[in-house]
Amino acid sequence: MIRFIKMIAAVVVAALVGAGLVVSVAPAERADALTGSEFSAGMIITDDLFYDSSAMTTQEIQNFLDGKIGSCRTSGCLNVVPVDVTSQPVVTSRATGQIRCGALVGGRMSVAELIFRVQRACSISAKVILVTLQKEQGLVTNKAPSQSALDRAMGMACPDTAPCAPYALGLANQIYKGALQLSTYKTDQFGMQPGWHSIGYSPNSSKCAAPTINILNYATAALYNYTPYQPNDSALSNLYGLGDGCASYGNRNFWVYYNSWFGSTTGAPPALVSDATVGEPGLYLTARDVNGDLYIYPQDRKGGWGARALVGRGWGGMTALTAAGDFNGNGRQEMFARDSSGALYLYLRDGKGGWSGRALVGTGWNPFVDLAGGVDFDRDGRPDLLARGADGYLYLYPGNGGGGWLPRTVIGAGWGSIRTFQVATDFSAPGSRDVLVVVGDSLQRFTRTDSGWAPAATLSAGFTGVTSFTVTTDFNGDGRADVLARDGAGSLWMYPGDGKGGVSAPTRVGTGWNVMNAILPSADTQPRAGTPGRVDAVRSGSGDFDGDGAVDVAARNLSGDLVMYRGDGAGGWKGSSVLVRNTGDYRQLFGVGDLRGKGERGIIGIDAAGIMWYLPTVDGRLSGSRAAIGSGWSGFAWVGSPGDFDGDGKADVLAIDSLGRMLLYSGDGAGGWRAAREIGAGWGAYARGTFTAGDLDGDGAVDVAVIDARGQLLLYPGDGRGGWKPRSTIGAGWGSFSAVFGAGDIDGDGHADVLAWGADGRLILYPKLSGSAWKAPRVIGQGWSGLTPLR
């Protein structure tokens, strides 16, 4: 219903606009250069910004138009033309009962006043209206607009394939009805809503792809309803110009103009700061001050502190912060942060005193009053997150060990009366699952048992004046977890834990902490004595064989030896060594994660007789003898392990049989399989080009990728429950490679990557971004042509 593809420049001339010609947008005005890699197809703009009914005043809108247009050469520019506006009644959705637009008082007024009144009536930001006027007809910068452009100002009811609807023509009509339509998508639940949708690159659906994307919020859904195309890589790589024949520009230009004129469409993300002088302490506390600065405070495990380090600025907009532990399995401590839109991000530490980026791990988290993470609450070896809702329910969000989630469960009710809580596993006994809460004037402990919650135990009174508390692994060096609490005067008190669920008299360990508005649980980067390293079932392919936290690559050489190439965590190498000798008899060889739940990284080989063998490795070498775990596997065209495909926390195997069926063999966690289940058909043609890809789309579930006969790279995203989300095309020209495989996060940026090599033996890293986007590839090795990768 909307004019979808028109791309208007800030310096466009009226003749070009009238002719509907495609020209480039004006360069960005923000201080730093905007790049297409920042565009997120799933969240073009946050709901808070899009539905802001107080974004601008009438005078601010007028000043903005005057600044953009300057001296008008006609009487029709937006900063000078008066409009006659018809009063509008309250418009209510028949479907939901929600107000689509409130009453609008009409009369003769300036365009600035009309935009302000529409903003208030329809709860669509004036900034959104201004950007839409620009990206549809270039009116915000046009010094001599035509009447035709004014009549079609917002592109409302103006399809590409037919004339504009007469009822919507006219400047005032366009502004009001366009905003009403943008509001209707959410308030009336009309059209596409947040979720997975196939969004084309262009109206030319016969020649151009339509990748499936996860639309994360209502505002982005509204934009795709209004302009139902997403920019392809060519449009994003040339933000201020033209792309290829499948490029469209409407939503790209909305994003570019908003960023250029008003700042980030997702709100300014916090700045990440590194301090190599402090590095990554063995034990530290993280705290945010009232200025939005983020610090880490090293603990000496003797009841004292090291020199603090600044690690971030601009964190004041985050509405919740909590520790995440090693949530994505990279061997480093991470942090969760929730922004004002309800988006939950995982912030990744680099192990050197800085950060390696952030990853979106969820949306819609605003209903929760408290978040507490960083510990393994369900005792499956993976960090989890607890969330308390305003309704008093306590939820467990189990981590899957690879940066995503297993299904959540309700683990408590009636928690609404507490002031705040923290998770404190091992607090009352080794292996215990404890939650500490402040209720009234006391600190209490609740311990989770197999049959529910044990009765509350009061640990300390006198907590009326406590404004914040947290749990630290071992502050005073006695081997027990302790409690840190801040009083109203800003003093920080340490309550030593007794290892049996209680605490003793406090000792003051700091002053001046009243400037901190968030104090997180401690991050313990050192493994405890006697605790074996954990190997995730979530990850496919090679993984971290030597246990140093960096992803390694394994490949079989011409002698039949399986060689481990040790990754350095940044896309480079630290050497190589033989992992398993004499593997030449295996027709298929692939990694399978911790198949038996013993902290191993397993390898599976299938020999010519169809016997499936399990080869356990620990610390970069074979550990024990191989074990036969199945027979009859010679008839399968392809077998591989995606990791935990069905979301139960155990490693699984996928197989393509002679009929082209894709079968799921769910692991039982003890080295065996449950009954096979068919999860797809028609895979026979893809057997040679199929590889397990890890979590390539970044949604927390493992995926499978395919190179088809035309060399296209197809992504089959797993849904985390043993099924599929719609497939999408994420690349072309991949047919020339000798080997392509998913290697995990080779470069340490928080995204799964792909490795490939061709006849020339060059090993090429293809770093993945979100959606179908990639970073620039780079060569990270030579002489790989005689090797076969462990898939």
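Modeller: Serine 123 follows α4 and has a positive phi, near 55°. This is a predicted model, in which local features need pLDDT of at least 70 and side-chain atom pairs count only at pLDDT 80 or more, while totals for chains, interfaces and linings use all residues. Residues are numbered from 1 along each chain as its sequence is written, and side-chain values use heavy atoms, with hydrogens and water left out.

Biologist: Why is α4 called a helix, and what span is expected of it?

Modeller: Helices are DSSP runs of H or I with at least four residues, numbered from the N terminus. Helix α4 covers residues 111-122, which is 12 residues. The expected span is 1.5 Å times one less than the number of residues. For α4 that gives 16 Å, and its first and last C-alpha atoms are 16 Å apart, so the span is close to the expected one.

Biologist: What makes α4 largely enclosed by the rest of the structure?

Modeller: Buried means under 20% relative accessible area, with a 1.4 Å probe and protein chains only. In α4, 9 of the 12 residues are buried, so the helix is largely enclosed. Among them are Val111, Glu113 and Cys122. The buried residues pack against elements including α3 (58-69), β1 (82-85) and α7 (171-187).

Biologist: How do you know that the chain agrees with a compact globule?

Modeller: The radius of gyration is taken over C-alpha atoms, and the globule rule is 2.2 Å times the number of residues to the power 0.38. For 791 residues the rule gives a value near 28 Å; the chain has 29 Å, which agrees. Buried residues make up 60% of the chain.

Key
Helices (H or I, at least four residues) and strands (E, at least two) are DSSP runs, numbered from the N terminus. Buried means under 20% relative accessible area, exposed over 50%, partly exposed in between (1.4 Å probe, protein chains only). Contact means heavy atoms within 4.5 Å.
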